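Dear colleague,

I am handing over the structure below, and my notes on it follow. Please read them with the coordinates open beside you.

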Amino acid sequence: MYAQSWSSDRALDQLAQHHLDLPAMDHQQEEKVQLLGMWASPYVYKVKWALSIKGVEYEYVEEDLRNKSSQLLEHNPVHKKVPVLVYNGKPVAESDVIIEFIEDAWKGHGGRILPEDPHERAMARFWVRFVPDKLSPRIWKWFTTAGGEEQDAAREASVEQLQVLEEKLTLGGNEFFGGDSVGLVDLSLGALAYVIPMYEEIIGERLVTEDMFPSLYAWMGRFLAAPPVKDHLPPMEELKLRFRAMREYFVKNSA
Amino acid sequence: MAGGGSNEVKLLGFWPSPYVLRARLALSLKGISYEYIEEDLESKSELLLTSNPVQKAVPVLIHDGKPVCESSIILQYIDEILAGVGPSLLPEDPHDRAMARFWASYINEKLVKALNQTWGGKTEEEKAEGMKQAADAVETLEGALKDCSKGKPFFGGESIGYVDIMLGGLLAWADVREVVKGVKTFDPAKTPLLAMWSDNFGTLDAVKAVMPNIGKLVDYAMVMQPHGAAAAAAAAAAAVAATN
């Protein structure tokens with residue numbers, strides 16, 4: 001892989017040296033890992049899946065976001081949000097930041113989350129941004145728009161972005177965006193694997209069909225069944241109730 | 001090497017963009033040579049469109065023919081693979097790295113968005129709200145600088161780091177804001193550490209080498225402003241939000 005990417009031995013040495021310099025955390029001494037979370041938050045699940053890939057043992061603390069604990073406020077004073085990972089008393093907030101931390105802190109343990117090749121790593125980080133920048137807002141708009149032309153337009157906009165993913169996945173030719181196993185991009189998209197079918201059921205309209213999105217449709221099932229994910233999914237019936245209530249709220253308050 | 005193929009670095013940019021400036025700062029501070037290609041955002045080059053088909057935005061770093069997009073990602077890529085001179089942009093300790101990433105994300109999500117709103121807000125109320133949120137964000141970053149620098153001049157400590165560059169890219173437009181709107185983004189009276197930081201940052205030769213001409217940038221901002229909110233928003237969007 002490096003022979004293909006690099007023609008300079010010096011660059012290769014520098015890269016190797018940089019990676020050797022990064023200190024491996026000493027996990028042999030007792031470590032305490034806590035995850036502050038909330039049962040419905042997709043960002044919390046993203047972190048749970050990452051911890052699962054690395055085989056990290058941790059204590060999960062359910063937060064009541066309407067009555068935030070002093071622990072949460074102390075550990076994430078800037079945003080006051082979950083997830084927060086607390087490693088030996090030191091907090092890390094923001095799910096994307098937490099995942100990079102998990103990769104760094106447990107280097108050499110469990111599976112890889114980010115690709116090894118620096119350019120592939122840059123591409124993975126780029127696709128992570130696709131979710132909040134391009135994809136999620138459009139899907140949310142479709143879910144929260146009552147109906148008619150506006151909802152059709154929102155649906156079309158979502159389809160357009162989903163097609164970008166479909167193309168990427170098909171061209172990649174792998175089981176997952178990360179290759180043979182769940183990686184960073186899969187984690188970032190992952191919640192959609194259970195959220196989209198829920199939205200479809202609630203609205204009574206399909207968004208990702210096997211016909212239109214053969215690769216993505218297959219990926220969704222594969223993701224939910226993947227080892228780091230399958231035992232760490234939200235309670236579906238409760239989540240559905242929650243989403244139903246949201247949809248009713250938005251439909252009632254539109255126009 | 002002959003042929004110009006191996007380890008060749010190009011940067012596609014747009015001179016008013018603070019995100020492009022971030023990439024240029026990193027390359028300059030690391031002493032990495034590259035070919036700079038100015039893009040006309042109204043008539044985007046084939047190279048830009050094929051290198052960044054998803055966003056069609058700058059900056060794009062092209063290394064050995066392979067594109068890297070998004071300023072924060074470019075900075076990490078430079079740190080990981082181009083290395084160059086001087087210490088790493090990101091710290092070694094995993095928790096310190098996480099803090100750097102956290103503050104870089106904060107700068108983009110809170111400060112940049114708020115500043116964009118002060119320029120491109122559709123109403124005076126929106127612009128005023130942007131101003132308030134920007135001031136709040138800067139105050140929070142003052143605390144962040146205190147924590148990260150541990151008494152040294154920069155977020156990265158003795159030397160410039162990832163967060164310094166992520167924030168430093170915004171300094172040219174901060175100067176423009178002072179000239180055009182009379183507002184100091186890093187006010188010594190309110191955020192003394194950041195005011196000192198911006199001075200320290202600005203005096204570095206590697207920084208001076210790539211800072212856009214402030215007079216020229218003021219002209220650019222002024223040309224856009226009188227044409228109304230829509231044009232200002234479009235200009236702000238093109239120049240300031242070409243990509244994160």
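A:Glu175 is partly exposed, with a relative accessible area of 42%, where buried means under 20% relative accessible area, exposed over 50% and partly exposed in between (1.4 Å probe, protein chains only). This is a predicted model, in which local features need pLDDT of at least 70 and side-chain atom pairs count only at pLDDT 80 or more, while totals for chains, interfaces and linings use all residues. Residues are numbered from 1 along each chain as its sequence is written, chains are lettered from A and ligands numbered from 1 in the order in which they are written, and side-chain values use heavy atoms, with hydrogens and water left out.

A:Glu175 forms a salt bridge with A:Arg222, the closest N and O atoms lying 3.9 Å apart; the term stands for a side-chain nitrogen of Lys or Arg within 4 Å of a carboxyl oxygen of Asp or Glu. A:Glu175 sits in the loop between α7 (148-172) and α8 (184-190) of chain A and A:Arg222 in helix α10 (residues 214-225) of chain A, so the pair ties together parts that are 47 residues apart in sequence. A:Arg222 is also partly exposed, at 27% relative accessibility. Helices (H or I, at least four residues) and strands (E, at least two) are DSSP runs, numbered from the N terminus.

Over all chains, the structure holds 25 salt bridges. In one of them A:Asp96 pairs with A:Lys46, with 2.8 Å between the closest N and O atoms; because A:Asp96 belongs to helix α5 (residues 95-105) of chain A and A:Lys46 to helix α3 (residues 42-54) of chain A, the pair ties together parts that are 50 residues apart in sequence. A:Asp96 is partly exposed, with a relative accessible area of 29%, whereas A:Lys46 counts as buried at 7%.

A:Glu100 and A:Arg125 also meet through their side chains in a salt bridge (2.7 Å, N to O), and as A:Glu100 lies in helix α5 of chain A and A:Arg125 in helix α6 (residues 118-144) of chain A, parts that are 25 residues apart in sequence are tied together. A:Glu100 is buried at 8% relative accessibility, and A:Arg125 is buried with a relative accessible area of 8%. Both residues belong to a network of salt bridges that also links A:Asp104, A:Arg121, B:Glu80, B:Arg97 and B:Arg101.

Turning to the interface, the contact (heavy atoms within 4.5 Å) takes 36 residues from chain B and 36 residues from chain A. The area buried between the two chains, that is, the accessible area (1.4 Å probe) that two parts lose on being put together, summed over both, is about 3200 Å², of which carbon and sulfur atoms give 63%. Six salt bridges are counted between chain B and chain A, and A:Asp104 and B:Arg97 meet in a salt bridge of 2.7 Å, N to O. On the side of chain B that touches chain A, the elements giving two or more residues are β4 (66-69), α3 (71-82) and α4 (94-120) of chain B, and α4(B) gives the most, with twelve residues.

Finally, in helix α10 (residues 214-224) of chain B, the residues B:Leu217, B:Val218, B:Tyr220 and B:Ala221 are buried. Seen down the axis of α10(B), its buried residues fall within an arc of 160 degrees, so they line one face of the helix; the arc is that of the directions from the helix axis to the C-beta atoms.

With best regards
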